[in-house]
Amino acid sequence: EISECLVGSEMCIRDRMSTEYSDYTKLIKEWETKISDKEEYYYKKFSAMESSLAKLNSTQSSLSSYFS
């Protein structure tokens, strides 16, 4: 890439900075998507855990009433 333009030329530097900016922007978007997917995954897991815990507590209450 450096051989295509004069070393240190303003245009070359701007082009490289623009390319790097685009690359970093793309990378950030990819990571935001990954993080969002993980957040959704754990939210669903937590919701399922809360539902299971509620059922367990209900079963415990029912069983406790039979033995009281």
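Tutor: A salt bridge is a side-chain nitrogen of Lys or Arg within 4 Å of a carboxyl oxygen of Asp or Glu. This is a predicted model, and the structure holds two salt bridges.

Student: What makes K44 and E40 a salt bridge?

Tutor: The side chains of K44 and E40 meet at 3.3 Å, N to O. The cut-off is within 4 Å, so the contact counts as a salt bridge. K44 and E40 both lie in helix α1, four residues apart, about one turn of the helix.

Student: Why is K44 called exposed, and why is E40 called partly exposed?

Tutor: K44 has 52% relative accessibility, and exposed means over 50%, so K44 is exposed. E40 has a relative accessible area of 44%, which lies between 20% and 50%, so E40 is partly exposed.

Student: What makes R16 and E20 a salt bridge?

Tutor: The N to O distance between the side chains of R16 and E20 is 3.7 Å. That is within 4 Å, so the label applies. Both residues lie in helix α1 (residues 10–66), four residues apart.

Student: Why is the pair of Y41 and Y42 called edge-to-face?

Tutor: The structure holds one aromatic pair. The ring centres of Y41 and Y42 are 4.9 Å apart, within the 6.5 Å limit, and the planes stand at 80°, over 60, so the pair is edge-to-face.

Student: How do you know that K38 lies over the face of Y41?

Tutor: K38 is at 5.5 Å from the ring centre of Y41, and the distance limit is within 6 Å. K34 lies over the face of W31, at 4.4 Å from the ring centre.

Key:
Residues are numbered from 1 along each chain as its sequence is written. This is a predicted model: local features need pLDDT of at least 70, side-chain atom pairs count only at pLDDT 80 or more; totals for chains, interfaces and linings use all residues. Side-chain values use heavy atoms; hydrogens and water are left out. Helices (H or I, at least four residues) and strands (E, at least two) are DSSP runs, numbered from the N terminus. Buried means under 20% relative accessible area, exposed over 50%, partly exposed in between (1.4 Å probe, protein chains only). Rings of Phe, Tyr and Trp (its six-membered ring) pair if their centres lie within 6.5 Å; planes under 30 degrees apart count as stacked, over 60 as edge-to-face and the rest as tilted. A charge sits over a ring if NZ of Lys or CZ of Arg is within 6 Å of the ring centre and within 35 degrees of the ring normal.
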